[in-house]
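Me: I would like to go through this structure with you before setting up any calculations. Could you take my questions one topic at a time?

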Amino acid sequence: MAASAPSKPTACLALADGTVFYGTGFGATGETVAELCFNTAMTGYQEIMTDPSYAGQIVTFTFPHIGNTGVTPEDDETADPVAAGMVVKWDPTLASNWRATEELKGWLTRTGRIAIGGVDTRRLTRAIRQQGAPHVALAHDPEGNFEIEALVAKAREWSGLVGLDLAKDVTCAQSYRWDEMRWAWPDGYARQENPQHKVVAVDYGAKRNILRCLASAGCDVTVLPATATAEEVLAHNPDGVFLSNGPGDPAATGEYAVPMIQEVLKADLPVFGICLGHQMLALALGGKTVKMNHGHHGANHPVKEHSTGKVEITSMNHGFAVDAQTLPEGVEETHVSLFDGSNCGIRMSGRPVYSVQHHPEASPGPQDSFYLFERFAEAMAERKSA
């Protein structure tokens, strides 16, 4: 009996240097161009794909068992996937989880996100680490017809994330209130019915679980768009201001965000920032940011807090970093990555103004960094009682 002919690839990933990876396509069909990164988390692929910080990026998952927990609306960090695409080693497994309401493949198809399986993700990850996050074109065609030269050209022509303000693309269109708290067994998401502090959260691409953590810390949260002015922020008479995570080049977003933050700081309010919000605060205080080689993306990143010596296991998702060498007098480095020594936190000396690069709300198993939300609440309480 004659051997069957090998199946034709139905997806391909073309790198700007001309390297091409072939595999099996799933999810939506078509093409997309973006920066390629890798994420080392063993869980949370749905949260990663719906994290607005991944706008403009295709995510390579180093963990092979993608799809095994399916998807559920309860785990969305925003309404639909924001990451441009997905790269995995194996064809997604069927869902085996009591919370699942949909299969990964169907969810990606319905929400218009392209994915490729059957890729040597170890080789791809090594390439990203050694050469930096490449520009790529990802294509899915069930017939397996690809114009490789055209795809490589599109990858080469893409402008990249440097100088790109993506916060304006993922922020909310108008302000809204948030009172949903963190998920807890057996009731799921409860509502904050007795808030103690009024907080304005500036949405550069805010994850829902960050807002839940603020609500769980006793905050009455009003979310404003990324382009909100200082006057609009202060018009809500907040007890504190929160600066959210988000995508893109912080220097580009800072064109309008930095002047707002500098004016808010004059009001002497507690200010707390995460991820892009951390970078925005650093820029507003006189520091600078730099593009990283391949960034930090994963759920097992050790971060040390200088004041206590405590090491926290954190979730990370950033391709830019604050340059600690540029922090001016009066601004202290509070946290540092134990992987590469890069900056992971700052604060103003003598004032309740601080931020961190990692994602304290993500709790990759341990809830090491939830204290940051409690610290924010305590700072607001102290200010009101003074």
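The conversation below covers strands, cores, aromatic pairs and salt bridges.

Me: What should I know about the model and the numbering?
Reply: This is a predicted model, in which local features need pLDDT of at least 70 and side-chain atom pairs count only at pLDDT 80 or more, while totals for chains, interfaces and linings use all residues. Residues are numbered from 1 along each chain as its sequence is written, and side-chain values use heavy atoms, with hydrogens and water left out.

Me: Let us start with β1. Is strand β1 enclosed or open, and why?
Reply: Strand β1 covers residues 11-15 and is largely enclosed by the rest of the structure, because five of its five residues are buried. Buried means under 20% relative accessible area, exposed means over 50%, and partly exposed lies in between (1.4 Å probe, protein chains only). Strands here are DSSP runs of E with at least two residues, and helices are runs of H or I with at least four, numbered from the N terminus.

Me: Which residues are on each side of β1?
Reply: A11, L13 and L15 are on one side, C12 and A14 are on the other, and all are buried.

Me: Which strands pair with it?
Reply: β1 runs antiparallel to strand β7 (residues 135-140), with five bridges between them; L15 stands opposite V136 there. β1 also pairs with strand β2 (residues 20-27), in the antiparallel sense, over four bridges, and C12 has Y22 of β2 as its bridge partner. Two strands count as paired if DSSP finds at least two bridges between them.

Me: What about the turn between β1 and β2?
Reply: The hairpin has four residues between the strands, and G18 takes a positive phi near 100°.

Me: Moving on to packing: how many residues are in the largest nonpolar core?
Reply: It has 32 residues, and Y204, V233 and I261 have the most contacts inside it. At least two residues of this core come from each of β11 (197-203), α7 (230-234), β13 (240-243), α8 (250-265), α9 (276-284) and β18 (343-348). A second, separate core of 27 residues includes A201, I210, C219 and A377. A nonpolar core is a set of buried Ala, Val, Leu, Ile, Met, Phe, Trp, Tyr and Cys residues joined through side-chain atoms within 4.5 Å.

Me: And which nonpolar residues form a patch on the surface?
Reply: W98, W183 and W185 do, with about 470 Å² of accessible area together. Patch residues have over 30% relative accessible area and no salt bridge; like charges are joined within 9 Å and nonpolar side chains (Val, Leu, Ile, Met, Phe, Trp, Tyr) within 5 Å. The areas come from the Shrake-Rupley method with a 1.4 Å probe, and for residues only the protein chains shown count as cover.

Me: Where is W98?
Reply: W98 is in the loop between β5 (85-87) and α2 (104-111), and it is exposed, with a relative accessible area of 65%.

Me: How many aromatic pairs does a search of the whole structure find?
Reply: The search finds five. F272 and Y354 form a stacked pair, 4.8 Å centre to centre with 25° between the planes. This pair links F272 in strand β14 (residues 271-274) with Y354 in strand β19 (residues 353-356), 82 residues apart. Rings of Phe, Tyr and Trp (its six-membered ring) pair if their centres lie within 6.5 Å; planes under 30 degrees apart count as stacked, over 60 as edge-to-face and the rest as tilted.

Me: Are F272 and Y354 buried or exposed?
Reply: Both F272 and Y354 are buried. F272 also forms an edge-to-face pair with F373, at 5.6 Å centre to centre and 75° between the planes. F242, F272, Y354, F373 and F376 form one aromatic cluster.

Me: Finally, how many salt bridges are there?
Reply: The count comes to 17 salt bridges, each being a side-chain nitrogen of Lys or Arg within 4 Å of a carboxyl oxygen of Asp or Glu. One of them joins E305 and R375, whose closest N and O atoms are 3.3 Å apart. E305 lies in strand β15 (residues 288-305) and R375 in helix α10, 70 residues apart.

Me: How accessible are those two?
Reply: E305 counts as buried at 4% relative accessibility, whereas R375 is partly exposed, with a relative accessible area of 31%.
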